[in-house]
Amino acid sequence: MERKTIHSVTLDTDKCRGCVSCMRRCPTEAIRVRNKKAKVLYDRCIGCGECVRVCPHHAKIPAFDSFDMIHKYKYKVAIVAPSFYGQFKSQYDINLILNGLLAVGFDDVEEVAKAAELVSEATREWMKNTQDIKHPIINTACPTIVELILVRFHGLIDNLLPLQTPADVAIKLAYKKAKEKGYKDEEIGIFFISPCPAKVLALKNGIGIKSPLVTGVLSMAEVYYKVVTALSQIKEVKPLNKAGFLGVAWASSGGEALGVNKEKYLEASGIENVIAVLKEIENGKLENLDFVELNACTGGCVGGVLTVENPFVAKAKIREFGKKIPCIGSTNTIKNAGLTYKDFDWEVVPTINDVFKLDENRIKAMQKLEQIESIYAKLPHFDCGVCGAPSCKAFAEDVVIEGFSIDDCTRMDERTTE
Ligand code: SF4
Ligand code: SF4
């Protein structure tokens, strides 16, 4: 049974040529190619977007909602991730960009960067006041990292920072404001402008959140093109920017660690680097660190597959934007928000996604494991992907669990003649 109800990526079967590029790249072996078409095993998919990046035929489609959906709501709020700013020319002002969102149809904006400053403060307080913390603490703002740990690194679940993400906090703040303005639930549309499909899944399904309040998740690229063409028509620029550099810096790798303000920290980005660091933590090599900031996309969220700008250029722009705003938004404190750091705790603890479990019954699981080992021993160990599985080991599992024929391996003869 599939755990997830919403998927990060889908396949355009007409465009898919079965070239196996995506299958080779997927970090959780979540793709098979059968009958010359890729198929995602959604239970294993962590929404990293690697398959979207590498598909030469653009057959992998990242999930997001249609922009037109906003018009169904009387009060429409844009939840703006700080990576959005990095898409624009750094000569612009953040206020102008936020006013651009009003120009394309939103009634209000809520900066995720503002919420990030609150989450940074909550994290510092949580680290100061919590006993028996398992070191190093691993950030949870990138949902792909959380999913990766739930799928592949079960021993690291207790290392996860158990606090709500800035996006979740911003959504809650926007909802509270809308209610204070007197809008009914059905009139409120809260739309997150996302750099990646992973956030679509996370915000709609909820990670650490009981009842997600987001109405829709929009593609950052789509919103960018609308806003950039509307900027020249803006007559009056309202002062909407409340976040300081500390919050805006979360857009790129290292920004979250900056806010946590611990000397002993590590930051890494890009899925392969992240996996390498998680293996180090799993092997007990990084217990001397206080905080580890991991982002699945190279450079951080500025590298998400729904962005338009080169991540390194976007990161440089974020630094330029940072020079024009205060270090921290003047009113962005937990106290001013009427909260305590405890209000940022996860409402529910995410559970392990045991996709590699062979059977509920232990004896049957052992039998299946033996069968897999036996079939694997007969295979050529080329990991060539011709059979449609990412490795000979994965193919052996498919034979035992999915009932595929061992004859689907067309290179068995090569092993015998070796
Ligand atoms: S989004 Fe990532 S985990 Fe999911 S199928 Fe694509 S490459 Fe695999
Ligand atoms: S690094 Fe940012 S953009 Fe990339 S998957 Fe994680 S949350 Fe999404």
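Which residues are around ligand 2? I began with this shell and listed Cys142, Pro143, Thr144, Pro195, Cys196, Lys199, Asn295, Ala296, Cys297, Gly300, Cys301 and Gly304, a residue being near a molecule or strand if one of its heavy atoms lies within 4 Å of it.

**Conventions.** I worked on a predicted model, in which local features need pLDDT of at least 70, side-chain atom pairs count only at pLDDT 80 or more, and totals for chains, interfaces and linings use all residues. Residues are numbered from 1 along each chain as its sequence is written, chains are lettered from A and ligands numbered from 1 in the order in which they are written, and side-chain values use heavy atoms, with hydrogens and water left out.

**Ligand shells.** I sorted the shell of ligand 2 by class and found seven nonpolar, four polar and one charged residues. Here Ala, Val, Leu, Ile, Met, Phe, Trp, Tyr, Cys and Pro count as nonpolar, Asp, Glu, Lys and Arg as charged, and the others, Gly among them, as polar. I then turned to ligand 1, whose surroundings are Cys26, Pro27, Thr28, Ile31, Val40, Cys45, Ile46, Gly47, Cys48, Gly49, Glu50 and Cys51. Eight nonpolar, three polar and one charged residues make up the shell of ligand 1.

**Whole chain.** I counted 15 helices and 11 strands; these are DSSP runs numbered from the N terminus, helices being H or I of at least four residues and strands E of at least two. I noted that 55% of the 418 residues are buried, that is, under 20% relative accessible area with a 1.4 Å probe and protein chains only.

**Strands β5 and β6.** I found β5 (residues 75–80) parallel to β6, with four bridges between them; strands pair if DSSP finds at least two bridges. Valine 80 has glutamate 111 in β6 as its bridge partner.

**Open sheet.** I traced a parallel three-stranded sheet in the order β7-β11-β10. β7 (137–138) and β10 (265–269) are the edges, each with a single partner strand, so one side of each has no neighbour in the sheet. β7 is joined to β11 (residues 291–295) by two bridges, and isoleucine 138 lies opposite valine 292 in β11.

Note on methods. Buried < 20%, exposed > 50% of the residue type's maximum accessible area, 1.4 Å probe, protein only.
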